[in-house]
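Hi,

Here is the structure I promised to pass on to you. Have a look at it first, and then read my notes below.

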Amino acid sequence: MSDAAKSPSQTRLLLAQFLFAHNLDIETLYKALGADLAASDNEAVSHMAGIIDGIMMATAKIRQHGVDNWAKS
């Protein structure tokens, strides 16, 4: 991604990558920011959860099958 302004979707993807890399869940982030997850934008929270799930699944498959074959299984 370039240094240009990021869309909300791109920003959520970058944030999900950061959270995954540092083994943090979204609730921990919201608590650290003093935000109430229940009062947050449901669509954004759902999108973040989906991205994190996808990253976790892809990482597990890459570890199991290797980079070249992870998407085939």
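**How α1 and α3 meet**

The axes of helix α1 (residues 8–21) and helix α3 (residues 42–65) come within 9 Å, crossing at roughly 50 degrees. Please keep in mind that this is a predicted model. An angle under 35 degrees would count as roughly parallel, and one of 65 to 115 as roughly perpendicular; α1 and α3 are therefore oblique to each other. The crossing in which α1 passes α3 is right-handed.

Which residues make the contact? From α1 they are Ser9, Arg12, Leu13, Leu15, Ala16, Gln17, Leu19 and Phe20, and these meet Ala44, His47, Met48, Ile51, Ile52, Ile55, Met56 and Thr59 in α3. Sorted by class, the contact of α1 with α3 has 11 nonpolar residues, 4 polar ones and 1 charged one.

With 14 residues at 1.5 Å a residue, α1 should span 20 Å, and its end C-alpha atoms are 20 Å apart, which agrees. For α3, the 24 residues should span 34 Å at the same 1.5 Å a residue, and the end C-alpha atoms are again in agreement, at 34 Å apart.

Is Ala16 buried or exposed? Its relative accessible area is 0%, and the cut-off for buried is under 20%, so Ala16 is buried. Leaving aside neighbours within four places in sequence, Ala16 is in contact with Met48, Ile51, Ile52 and Ile55. One more distance for Ala16: its C-alpha atom is separated by 8.3 Å from that of Ile26, 10 residues apart along the chain.

**The loop between α1 and α2**

Just after α1, Asn23 takes a positive phi of about 55 degrees, and this is a residue other than glycine. Asn23 has its place in the loop between α1 and α2 (26–33). With a relative accessibility of 71%, against a cut-off of over 50%, Asn23 counts as exposed.

Leu24 is found in the loop between α1 and α2 too. Its relative accessible area is 36%, so Leu24 is partly exposed. Not counting residues up to four places away in sequence, Leu24 touches Phe18 and Leu19.

If residues up to four places away in sequence are not counted, Ser40 touches Tyr30 and Val45. Ser40 and Tyr30 are 10 residues apart in sequence, and C-alpha to C-alpha they are 9.1 Å apart in space.

Happy browsing, and do write back with any questions.

Best wishes

Methods
Residues numbered from 1 in each chain as written. Predicted model: local features only at pLDDT ≥ 70, side-chain atom pairs only at ≥ 80, totals over all residues. Heavy atoms only, no water. Axes fitted to C-alpha atoms, helices over the stretch in contact; angles between N-to-C directions. Helix = DSSP H or I, 4+ residues; strand = E, 2+ residues; numbered from the N terminus. Parallel < 35°, antiparallel > 145°, perpendicular 65-115°, else oblique. Left-handed = near helix turned anticlockwise from the far one by under 90°. Contact = heavy atoms within 4.5 Å. Nonpolar A, V, L, I, M, F, W, Y, C, P; charged D, E, K, R; others polar. Buried < 20%, exposed > 50% of the residue type's maximum accessible area, 1.4 Å probe, protein only. Expected span 1.5 Å × (residues − 1).
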